Amino acid sequence: MRWAQLGFGRASTTGGPQPTPRNLQGFRDGTNNISAGDAAAMRRHVWVGPDEPQAWMRGGAYLVTRRIRMLIETWDRSTLDDQEQTIGRRKVSGAPLTGRHEHDPVDLGAVKADGESVIAADAHIRLASHTANGGVRVLRRGYSFTDGIDPATGELDAGLFFICFQRDPHAQFAAIQRRLGSVDALAEYIKHTSSALFAVPPGIQPGGHVADGLFTG
């Protein structure tokens, strides 16, 4: 092993009866994540299909990791209203600003009496929403982390170790990240400190071993 990141407490639900966890900013994280039990969504968005040129990757998935440091001190000094406008959801309930309950549909077209959008143009959930990204989705599976104090600033070195699985990282993660990287209001409160891309081969057949397709004729 050449590198490791210690994390704790999953930072997104992947299905079943799991409640949506909260990240270190105090918000529920991954409300609209793909359910691992949704076979159709997994085939469409996660498992590498037969069009993959590398035969040994068919049935596997591509894994993107990104270490996202949260600027906790700056975030905690902001008002609750500013935090909710930044994310586009209520902090306590997890409901979108256009709803009352966590899993209410996000209405990106809702406007206030003055004509302004209820969910701001730079709100995180608007930019990350699959409805605003041509239906593109990823399966999130992150963890929170805390690595002590940054000696240069005296502030917490803590945040989200973001992990996601998809069948095409360029068409999925990169496409979403380009939108987030342009105008996301959350960018004021986070800092990306590392990222990586991994190929995850398909499951092992009886008598086989990990990535055995790499070694077959």
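## Surface and burial

The protein exposes about 11,900 Å², of which carbon and sulfur atoms supply 56%. The model described here is a predicted one. Among the 217 residues of the protein, 41% count as buried.

## Overall dimensions

Taken along the principal axes, the box filled by the C-alpha atoms is roughly 65 × 45 × 35 Å. The radius of gyration of the protein is 19 Å, which agrees with the value near 17 Å that a compact globule of 217 residues would have.

## Fold and contacts

The protein contains five helices and six strands. Read from the N terminus on, these elements follow the order β-α-β-α-α-α-β-β-β-α-β.

## The largest pocket

Rolling a probe the size of a water molecule over the atoms shows where empty space is left. The largest pocket holds about 980 Å³ of space. It is lined by 40 residues, and those closest to its centre are Asp29, His124, Ile125, Ala128 and Arg140. Two or more lining residues come from each of the elements β2 (61-70), α4 (124-128), β5 (156-166), α5 (173-183) and β6 (190-200). The largest share of the lining, four residues, belongs to α5.

Sorted by class, the lining of the largest pocket comprises 19 nonpolar, 13 polar and eight charged residues.

Terms used. Residues are numbered from 1 along each chain as its sequence is written. This is a predicted model: local features need pLDDT of at least 70, side-chain atom pairs count only at pLDDT 80 or more; totals for chains, interfaces and linings use all residues. Side-chain values use heavy atoms; hydrogens and water are left out. On a 1 Å grid over the protein atoms alone, a cavity is a set of points where a 1.4 Å probe fits but cannot get out, and a pocket is an open set with protein on both sides within 12 Å along at least five of seven lines; lining residues have an atom within 4 Å of a point. Grid points are joined across faces, edges and corners, and a volume is the space filled by probe spheres set on the points. Ala, Val, Leu, Ile, Met, Phe, Trp, Tyr, Cys and Pro count as nonpolar, Asp, Glu, Lys and Arg as charged, and the others, Gly among them, as polar. The radius of gyration is taken over C-alpha atoms; the globule rule is 2.2 Å times the number of residues to the power 0.38. Buried means under 20% relative accessible area, exposed over 50%, partly exposed in between (1.4 Å probe, protein chains only). Accessible areas come from the Shrake-Rupley method with a 1.4 Å probe; for residues, only the protein chains shown count as cover.
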